[in-house]
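Subject: Structure handover

Hello,

The structure is pasted below, with my notes after it. Please keep it open while you read.

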Amino acid sequence: MEGNEPSERSPLLGSGERGRAATSAFHGRRLACAAVLLAELLERVAFYGITSNLVLFLNGPPYGWEGAQASQALLLFMGITYLVSPFGGWLADALLGKFGTILLSMALYLLGMLAFPVIAAPHTRQGLCGDIPLFPVENCSSPAANATVAPCSQVGATRYCATATFIGLVLVGLGVGSVKANITPFGADQVKYRLAADRLCVGAEVKDRGPEATRRFFNWFYWSINLGAILSLGGIAYIQQNVSFVVGYSIPTVCIGISFMVFLCGQSFFITKPPDGSAFTDMFKILAYSCCSRKRHVERSAQSEGQGVLQQPRKQSLFEMAKLSRGGPFREDKVEDVKALVKIIPVFLALIPYWTVYFQMQTTYVLQSLHLKIPEISNDTNSIHTFPAAWLTMFDAVLILILIPLKDKLVDPILKRNGLLPSSLKRIAVGMFFVMCSAFAAGILESNRLKIVKVKTINQTIGNVTYHAADLPIWWQIPQYVLIGFSEIFASIAGLEFAYSAAPKSMQSAIMGLFFFFSGIGSFVGSGLLALVSIKEIGWMSNHTDFGNINGCQLNYYFFLLAAIQGATLLLFLIVSVKYDHQKSKVHEVAANGRI
């Protein structure tokens, strides 16, 4: 490679040609980028086709899951999709490469998606789930029902079709997580690098386009994600709620099949890289060696002091002993990669509460919307169609679709010309503030809703389930969804950019996988908190006699708890981000002075 190719240890966004005009960012790679963006768009259509109405699907007959149980199932699924991301990164780095791993993951994704139309169809469901329970599913959340001593006969009823549902969710989760870890850096590679001769051939020279192309790719990559969300929420969610879950789950299954074919057909013009070893394997070896070496060093120092021998202390980091130059068995660049990873992890840890609140948008926010007054939609048939509760999520997605082009074409260039473009960590902090405000707004709304249902409730049928809702329009949820949208523009996009930019070249899939891994932990934290506040000693979500209704719960306390946790984490993140930026500036100063 020529001298402009980034080294193994150089950050992927920290090298290359600078100041290149924005109009040339995608030159010569438009087809490859379009294929990646289309594949991701269709994958998101499939993903949101599963998640948008899963709570409603499991609430309804014949499944009869409680509202908290359905929300926990979705949070567990979201957690799995992100927790397996590091494994997907390891598989790409060590064995299959990004392209092969994405194809394999999409095949697994498709297999899991096939389970949901089968579960939804009455004539095939029995083969997977067994006989439907003979007892009726009761709704017990109206004030009159809750006033009785024993309002429901089915306390503690078994969740119907739980095994098949969780198997399908796990298969889809494994596929989604592995795709997530690899399609983002794979797509960034397509626009970041270009072939010197603008043609793909064995041994063709690849040149670096620099950070501007990558920054713009992440903007449009996230735009494609939200376009897929709007298509899924706007069409598929409506079909699931008002027509049929069989059709509503068949469409996303077809979409992931098309996504697989689009990606497969793009092989001829993609820039692909062979696997060059697992960064995780090197990382664990270096960590183990460094910890053992430090322990031996401390023991030798203690022995020397006991014998009266004074040694001049030599300050060095934990990982310095692993370098070849210090007597260790590992190359300098491998050790530096692990040091870079260790500096990144505190930032990922601080993002966990952000993801905990973010995933409420598809779980407890939807559960709340089902208990607000949902308008009916006029149609030509005699049947009554209702406004899909999942459509409110589109306010978040539409906001992103509108603001990202403005950000990419207008705001960012102006800020950049004036030297005011904030760092990715500063943008993440702003996103944390907005998501905290979203949880707080949800808590205020839920407090008002609970006051209303104590006086009066209205019965509304959503799908096949009757909910005792408050006479309060669903539009009051718009502020919390809009705030989530603002948080995504700042935190999610900047988080992807940070994970990619801070990653040395040899660890890009590994670090991107860790980014999504910690996102999954945030989802599991949300599920764990729901389980915690459902125990009788706390009792916020312990109304186990309902099957979806939450009028006997204190969901507002849960929202306020999330807002408080995010607020405390924001303060901690500001400290971590300032320290990281300070260390990064010191490294750049040393590099500029020629001392490294």
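What follows is a description of the fold, the core, the salt bridges and one surface patch.

This is a predicted model, in which local features need pLDDT of at least 70 and side-chain atom pairs count only at pLDDT 80 or more, while totals for chains, interfaces and linings use all residues. Residues are numbered from 1 along each chain as its sequence is written, and side-chain values use heavy atoms, with hydrogens and water left out.

Overall fold

The chain has 19 helices and 6 strands. Helices (H or I, at least four residues) and strands (E, at least two) are DSSP runs, numbered from the N terminus. Of the 596 residues, 55% count as buried. Buried means under 20% relative accessible area, exposed means over 50%, and partly exposed is in between (1.4 Å probe, protein chains only). The chain exposes about 24900 Å², with carbon and sulfur atoms supplying 65% of it; accessible areas come from the Shrake-Rupley method with a 1.4 Å probe, and for residues only the protein chains shown count as cover. Among contacts with a separation of 6 or more, 81% are between residues 24 or more positions apart. A contact means heavy atoms within 4.5 Å.

Helix α3 covers residues 67-83, and its end C-alpha atoms are 24 Å apart, which agrees with the 24 Å that its 17 residues should span at 1.5 Å a residue. The expected span is 1.5 Å times one less than the number of residues. Because 14 of its 17 residues are buried, α3 is largely enclosed by the rest of the structure.

Core

The largest nonpolar core has 147 residues, and those with the most contacts inside it are F57, F263, F348 and Y358. A nonpolar core is a set of buried Ala, Val, Leu, Ile, Met, Phe, Trp, Tyr and Cys residues joined through side-chain atoms within 4.5 Å. Leaving aside residues up to four places away in sequence, F348 touches F498, A499, I511, L514, F515 and F518. A second, separate core of 5 residues includes L42, V45, I236 and C255.

Salt bridges

The count comes to 5 salt bridges, each defined as a side-chain nitrogen of Lys or Arg within 4 Å of a carboxyl oxygen of Asp or Glu.

- E43 and R44 pair at 2.8 Å, N to O. E43 is buried at 1% relative accessible area, and R44 is buried at 2%. A network of salt bridges links E40, E43 and R44.
- E446 and R449 pair with their closest N and O atoms 3.0 Å apart, and both residues are buried. They are 3 residues apart in helix α16 (residues 424-453), which means a separation of about one helical turn.
- K456 and D471 pair at 4.0 Å, N to O. This pair links distant parts of the chain, 15 residues apart: K456 is in the loop between α16 and β5 (458-462), and D471 in the loop between β6 (465-469) and α17 (478-501). K456 is partly exposed at 47% relative accessibility, and D471 is partly exposed at 34%.

Surface patch

V398, I402, L406, L410, V411 and I414 make a nonpolar surface patch of about 470 Å². Patches are made of residues with over 30% relative accessible area and no salt bridge, where like charges are joined within 9 Å and nonpolar side chains (Val, Leu, Ile, Met, Phe, Trp, Tyr) within 5 Å. L410 lies in helix α15 (residues 393-417) and is partly exposed, with a relative accessible area of 46%.

Regards
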